[in-house]
Amino acid sequence: MTRTLVIVGHGMVGHRLVEALREKDVTDQWRIVVFAEETRPAYDRVALSSYVDNWDADSLSLAPHDDDAVELHLNDQVVHIDRDNKVVRTTSGRVQSYDALVLATGSVPFVPPVPGRDLPGCHVYRTIEDLDGIRATVEAAHSSGRHAGMVLGGGLLGLEAANALRGMGISPHVVELGPRLMPLQVDEGGAGLLKRLVEKLDLTIHTGTSASSIERDGDRLIAKLSNGVELDLDVVVFSAGIRPRDELARSFGLQVGERGGIIVDQACRTSDENIYAIGECANLGGMVYGLVAPGYSMAEVVADRLLGGEAEFPGADMSTKLKLLGVDVASFGDAHAKEEGALEVVVNDAVAGTYAKVVVSDDAKTLLGGILVGDATKYPMLRPLVGRPVPGDPVALIGPAGGGPELTLPHDAQVCSCHAVIKQDIVDVINSGEAVDVPGIKACTKAGTGCGSCVPLLKKLLSECGVEQSRALCEHFDHSRADLFEIVRSTGITTFSELISRHGRGRGCDLCKPAIASILASLDNGHVLEGEQATLQDTNDRFLANLQRNGTYSVVPRIPGGEITPEKLIVIGEVARDFGLYTKITGGQRIDLFGATVDQLPQIWKRLVDAGFESGHAYGKALRTVKSCVGTTWCRYGVQDSVSLAIELELRYRGLRSPHKLKSAVSGCARECAEARGKDFGVIATENGWNLYVGGNGGFTPRHADLIASDVDTETLIKLIDRFLMFYIRTADRLQRTSTWIESLEGGLDHLRAVIVDDSLGICADLEAAMAKHVDNYADEWRGVLEDPEKLARFTSFVNAPGTPDPTISFREERGQKVPVLLGVPSFSGAENQAEVSR
Amino acid sequence: MTPVCELSVLQPDRGVAALLPDGSQVAVFLTSAGTVHALGNIDPFSGAAVLSRGIVGDRGGVPVVVSPVYKEAFELTTGKCLDDPSTGVPVYPVVVIDGVVQVGSP
């Protein structure tokens, strides 16, 4: 390592520079030292408003630089630059020499000079700390029963801030000086629809006006608008744009723009050839870019230059697609038809709540830009076509689905604008066989790993390249699980043998048999061990218990919501003691009893069923538990009764067979003690009702669940969950958890929301009816076994010696409980050693 | 030959375990094609005596039982493991006489 790069600032763009340089610098030419004023490392500021969902700052974290070549100094601001000797000094007194210096100091929020703007209760909106401050103000107001807020600024950032306030239970006034919302991105028609849609969420929009003063009146703030309106408020958030942080550059003689920003050339170099500036602090070609994508491009340019490359700023794609307050908004290319002679084609569907505009050249042959409000599903296909020929009639591009021409992208069209990946790059990795699916493309090219809006396009490219995305269940069925579900549902077939003889081939296998058994069970075909169904089940379902490594099973009685009486707890203890079972508390708030042999299972369950327990389905691809925190009944902070809801949900969905296991949780307040966002469906109480989150996952690929509905009452909540679960059961692949299922849906979470919240497919009543049928037909599986001598007879160790224990099973003791002795494995030489080691 | 059970007790494609006089265990299967097979019950990968609890089916037309522990497939006629041909389980001769399934020595 011969040279030192010093980076001032560790925001998203500074972070990207470190990542980009480390990736390209294969010979380790550069050591990187980063000084950051903030106390926390870079995080995803673009997703800042999601911080309100869980108040978990970690969920915004960017990947840490786990690298010896990178030093990160937090809370240590660079205050002096000695350009002649190429040395910087920081607030802590640290002195660091550099070979190259990059200023990535970002921006500060612009606060208009309104009298009263510094009063307590007035905030800006940029950092996690700002949101913590807003939260403190809002909670103080809530405690006196008040909920009034104002956001100054109706642009992209202003609406983000309004969204964050809504997440805190406030429906704010939004004040925009311009004539409409989002004046930079959206035209009058689009903004009109946007205004109507957000007003439905109880936002009050004031356009063409500004705040002329803010005064404190007791606990409240009184804001006077220039149009004469007076607002009585608890919290004010300024979110009216940004100003580049160029003071360091200014102080040490670097050239800055008239309206701010450190002037840089196409290589992002400042007036000092050893100093670069990137991101929101830079002024490139007279522009200061407030979006992250151009900042990332600048970081890539500098990384290339530091390694001797000739990269230049490729120009900024100011295209935007985002979901603001639940409303899709996208704007791309020449959205305002500024080019001479540009023609606009508009489809404004006030009934559906969608607005779409494309801008084309004067001869209607070239696409120049466009705006989409309410439905942005066409964005990933349209944006890459900017500057290219329009196939056919422009109106067909935005007309109703199905009517448009089949669009094919040219090879050099940019597919992923976050990572600047063009179609050819993607086609290359597909054709070379490096990538055979969407995750493969993501790994090879990074496409689709930023905002994700191009993922549908990646799927399309795969099929364009002839990559068959086989969805066949296994060698015995060419159909996907979803197709087989529909076949079984519509034909009324009730046995595997009929299904495979009519729609498959061969005898079946360990893939298709349990999958079909699950489908039959989801469609309520009686007990899972009835007749032929028993032969389809994996061993867990066959013995209604969980197979452990030594051939014994574990037993988990259902404890709905984790609530249990002392008497029942004692029964579990007595059963465990009497059968000598190893006992452990599970993560799902229940108790697992290990070491039962097949012939013990009915005896154990007889005792449990007599005491009022029923199967916990820990063995099944089915609902496991609905975990809960203790809720309002006991907790000083709870806002809803989480335990009662958890019990209601667990009892409603118990026994529901699904493509994979289902876990749930209910938290009684935003502190989220039940960890609901790690579940397939999680519920978090709000002051006004419940927030529903879906698609969370622990395991190999942990993922937080996404908010799909907020502030709903219990009845609505249950309807939504009914629909969510049934839609999942009908359409997911075998062993596909809800998280990957949602990702695999064309349109992802938005599509799911459309189907289960807005009933876009008109199937909600059917989904609810299917769930009602499940609820009505539920019966405890273990009681079913105990009451049927034929089923009971299958729970024997040996067909010719029932009651004789399996001689291979033996136990030893550890911490006062029995645990399995590892078995000798005859055909493996290492196995005996293994047993000794663990002894 | 040890009689283990009546054929009528066996459900197609669902195994049972039987204990032989020497203390060894066999997994006995009646396939949906009507054939009867007996294999060693101990899964060589886990050491657990559980092969009788595996799912019976076919892989590429070859009748197999799949171990419920780590899901390796064993050929019903030869005991050979299709996922790792270097290992397998013993095959026991099996006959049905007067409706009674009888198992011999491997």
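**Helices of chain A and strands of chain B**

Visitor: Is the crossing of H10(A) and H11(A) left-handed or right-handed?
Guide: A crossing is left-handed if the near helix is turned anticlockwise from the far one by less than a right angle, and right-handed if clockwise. Helices (DSSP runs of H or I, at least four residues) and strands (E, at least two) are numbered from the N terminus. The crossing of H10(A) and H11(A) is right-handed.

Visitor: What kind of model is this?
Guide: Residues are numbered from 1 along each chain as its sequence is written, and chains are lettered from A and ligands numbered from 1 in the order in which they are written. Local features need pLDDT of at least 70, side-chain atom pairs count only at pLDDT 80 or more, and totals for chains, interfaces and linings use all residues; this is a predicted model.

Visitor: At what angle do H10(A) and H11(A) pack?
Guide: Helix H10 covers residues 423–431 of chain A and helix H11 residues 438–445, with axes 10 Å apart. Axes are lines fitted to C-alpha atoms over the stretch in contact, and angles run from 0 to 180 degrees between N-to-C directions. The angle is about 115°.

Visitor: Which residues of H11(A) make the contact with H10(A)?
Guide: Two residues are in contact if their C-beta atoms, placed from the backbone, lie within 7 Å. H10(A) contributes Asp425(A), Ile426(A) and Val429(A). From H11(A) come Ile441(A), Cys444(A) and Thr445(A).

Visitor: How many of the 15 residues of H7(A) are buried?
Guide: A residue is buried if 20 or more other C-beta atoms lie within 10 Å of its own, exposed if 12 or fewer, and partly exposed in between. H7(A) is largely enclosed by the rest of the structure, because its count of buried residues is 13.

Visitor: Is Arg388(A) buried or partly exposed?
Guide: Arg388(A) sits in the loop between helix H8 (379–382) and helix H9 (394–398) of chain A. Leaving aside neighbours within four places in sequence, its contacts are Thr366(A), Leu367(A), Pro410(A) and Ala413(A). Since 14 C-beta neighbours lie inside 10 Å, Arg388(A) is partly exposed.

Visitor: How many strands does chain B have?
Guide: Of the 106 residues of chain B, 53% count as buried. The secondary structure of chain B has zero helices, and its strands number 10.

Visitor: How many residues of chain A are in contact with chain B?
Guide: Chain B contributes 32 residues to this contact. Strand E1 (2–6), strand E2 (16–19) and strand E5 (55–59) of chain B each supply at least two residues of that side. The number from chain A is 32.
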